[in-house]
Amino acid sequence: MRDVEHVREIERVLQGRPTTRDSVVLASWRRCVERHGLDPARSSPAHIVPEAQLRAHREQAERLIAIARSGLESLFRQVAGQNYVLLLADAKSVTVDFFGDPRFEAELQAAGLYLGSDWSEHLAGTCGVGACIATGEAVTIHQSDHFDLHHTPLSCTAAPIFDTSGQLAAVLDLSLLRSPQPKASQNLAMTLVRTAARRVEMANLMAMARREWVLRLSSSPEFLEVDPEAAVALDGAGTIIGMTHAARTALGPQLLGRRLDEVTTLTVDDLPDLMRGRPAEDRVIRLPDGRALFGHAIAPQTVRLPRQGTQLPGGLSSLAGPDPHMQALLERAARLAGSRLALLIRGATGTGKERLARAIHMCRRDGGCFRLLDCAALEAGALDLPPGPGTLVLKGVEDLDHAAQALLLRRLADCPLRIIATTRCDLAQMVRDGRFRPDLFFRIAGAALDLPPLHLRQDMDWLIERMLRGLSPDALRLSAGARAELKSRLWPGNLRELAATLEAAALISGGEVIDSPDLPPPLLAPAPEAEVEDLPAILDACGWNMALAARRLGVNRSTVLRRVRAAGLVPAA
Ligand SMILES: Nc1ncnc2c1ncn2[C@@H]1O[C@H](COP(=O)(O)OP(=O)(O)OP(=O)(O)O)[C@@H](O)[C@H]1O
């Protein structure tokens with residue numbers, strides 16, 4: 001009965017009868033009938049593109065997906081537990097990325113809230129993604145706003161993402177399988193998708209304009225550096241060569257190709273005055289129409305090219321993914337590996353010191369034997385070193401008492417083995433405090449390698465993937481919620497704790513998908529105040545997601561914001 005009423009309403013409205021529907025819905029109904037030849041009485045299921053076609057769409061959108069991912073993850077975390085599904089559709093309306101609750105997978109797939117669904121208006125009728133692409137505006141298509149009866153249970157709120165030249169590149173859509181009746185229930189969803197889309201555009205512009213000037217704009221000095229509203233990229237002559245969509249609202253509609261002094265009262269030579277050194281309140285930009293905005297200029301970055309042809313030998317390449325600090329550390333380790341110089345590997349518990357020592361040993365073709373000595377378990381007198389060549393790892397060297405230090409020093413005097421010592425402590429401080437012999441310290445610390453704690457690593461996804469593959473070669477995967485939860489933890493036990501958590505979760509889930517409830521809770525409560533000097537590194541590791549950084553630091557979000565402002569930190573371009 002309701003179906004018949006829906007069809008009749010569309011017919012009545014298209015005949016010009018009064019309606020309370022939004023004008024965007026009305027215009028879309030009209031396009032469906034008059035342009036696309038759709039019939040409201042004929043319902044059709046969700047359109048899912050074939051696997052090969054989806055792969056092609058994903059490859060085309062690969063860069064955008066990578067840039068959008070952290071914004072999507074943070075958005076999905078904000079709506080966690082409310083049954084929202086998050087879709088990223090490309091400019092051709094095909095869903096190329098998806099976050100949803102795997103427990104409802106079959107239902108979501110049937111509804112088209114899934115990877116590969118094609119939400120083109122000419123196929124699906126009036127829908128969030130389709131109407132957003134047709135209008136270039138953020139829209140909510142709520143329940144019976146949908147044209148096709150198959151979709152009328154859904155509520156879809158979608159916002160466009162524009163590329164730096166102003167072309168519509170993608171759509172971010174937050175949908176519900178079931179929603180409360182009033183359309184106004186989706187107002188918050190609208191704010192969330194708009195904000196997320198704006199941030200993705202900002203991240204895209206920053207990535208594209210590393211070697212250009214970027215001018216970020218905000219109507220309030222407080223948010224200028226942490227969450228600006230709009231931005232433009234400028235070449236050396238001050239011509240606008242890229243922008244976020246909101247820059248059109250801030251500076252005017254036709255921006256590309258215009259010079260900065262045509263749309264503001266500034267020239268490119270004024271940009272250094274808008275850099276971080278000055279208080280945000282003083283960085284005022286006057287516009288020709290009398291309005292004022294606050295500006296933050298970011299100078300072009302000098303690009304450090306990666307060293308050509310650095311292939312990490314042996315097992316070193318398997319120790320880290322895309323984390324600049326770890327890659328630099330492993331390159332250093334690779335250069336030191338071939339020598340017989342004694343090495344000191346420093347890092348908190350479970351950061352992978354022993355693994356690194358083994359990988360360094362494996363780099364030498366004439367490696368000889370590998371011997372590991374646990375210094376905590378060393379008994380006086382029981383220090384027999386093998387006579388031949390090889391590597392001797394002194395694990396936890398800080399645990400040696402004075403007698404054992406003296407004995408070890410004597411034995412090492414004519415030892416042919418390459419020494420690699422590992423420590424969780426500040427051994428130099430122990431030397432200063434008289435707790436560790438300086439002569440032994442200099443014998444074992446020819447060069448030092450420092451492993452970072454897990455919460456500062458930027459290759460968490462890579463590590464998780466590697467560990468999952470170790471647990472199950474192909475099937476096992478994480479839900480988006482579980483991944484977000486893992487990435488927000490502090491990990492005092494570092495890689496060892498992460499590996500054990502994933503193993504336990506895999507057993508608890510008993511299936512192919514590990515979801516948030518499968519994750520065992522952290523065993524050790526976070527320290528009350530993480531060190532403030534970690535803040536820039538933590539922000540980088542969290543992609544400048546304040547909420548995530550707050551959880552990793554064990555403080556609330558406003559504390560992070562306050563510290564960011566106090567330290568004058570901004571994301572690296
Ligand atoms: N690169 C890695 N990839 C995957 N898992 C790793 C990696 N490095 C370490 N692990 C995991 O962490 C555990 C601890 O690693 P390792 O023993 O090397 O750490 P450690 O720093 O020497 O620890 P501790 O100081 O507590 O002895 C390993 O057993 C393994 O489960």
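# Close-up views of a predicted model

View 1. Helices (H or I, at least four residues) and strands (E, at least two) are DSSP runs, numbered from the N terminus. Domain bounds come from an automatic or database domain assignment. Please keep in mind that this is a predicted model, in which local features need pLDDT of at least 70 and side-chain atom pairs count only at pLDDT 80 or more, while totals for chains, interfaces and linings use all residues. Residues are numbered from 1 along each chain as its sequence is written.

**View 2. An antiparallel sheet of five strands.** This open sheet has the strand order β2-β1-β5-β4-β3, with antiparallel pairing. At its edges stand β2 and β3 (139-142), each of which pairs on one side only. On average, neighbouring strands of this sheet are turned by 20 degrees against each other, direction ignored. Such angles run from 0 to 180 degrees between N-to-C directions, and the axes are lines fitted to C-alpha atoms, for helices over the stretch in contact. Two strands pair if DSSP finds at least two bridges between them; β1 and β2 have four, in the antiparallel sense. To find your way along this pair, look for A89, which stands opposite T95 in β2.

**View 3. S93, in the loop between β1 and β2.** The loop between β1 (84-90) and β2 (95-99) contains S93. This residue has a positive phi of about 75 degrees, although it is not a glycine. S93 counts as buried because it has 24 C-beta neighbours inside 10 Å.

View 4. Strand β6 (residues 213-218) is mostly covered, with six of its six residues buried. In a regular strand, side chains alternate between the two faces of the sheet. Here W213, L215 and L217 are on one side of β6 and V214, R216 and S218 on the other, and all are buried. Strand β7 (residues 230-234) runs antiparallel to β6 and is joined to it by five bridges, with L234 in β7 as the bridge partner of W213. β6 also pairs with strand β10 (residues 292-298) in the antiparallel sense, again over five bridges. Within that pair, R216 stands opposite H296.

**View 5. The hairpin of β7 and β8.** Strand β8 (residues 240-243) runs antiparallel to β7, and three bridges join the two. A233 stands opposite G242 in β8. Five residues lie between the strands of this hairpin, where G238 takes a positive phi near 85 degrees.

**View 6. A parallel sheet of five strands.** The order in this open sheet is β12-β13-β14-β11-β15, with parallel pairing. β12 (369-374) and β15 (447-450) stand at the edges with a single partner strand each, so one side of each is left without a neighbour in the sheet. Strand β11 (residues 343-346) pairs with β15 in the parallel sense over four bridges, and R346 stands opposite D450 in β15.

**View 7. The shell around the ligand.** Here 16 residues surround the ligand, and the closest are T349, G352, K353, E354 and L495; a residue is near a molecule or strand if its C-beta atom, placed from the backbone, lies within 6 Å of it. The elements that give two or more residues to this shell are α12 (353-363), α16 (460-471) and α18 (494-509). Domain 3 (314-452) and domain 4 (464-567) both give residues to the shell, so the ligand lies between them.

View 8. W491 is found in the loop between α17 (480-488) and α18. Its phi is near 55 degrees, a positive value in a residue other than glycine. W491 counts as buried, with 25 C-beta neighbours inside 10 Å.

Note on methods. Buried ≥ 20, exposed ≤ 12 C-beta atoms within 10 Å, placed from the backbone.
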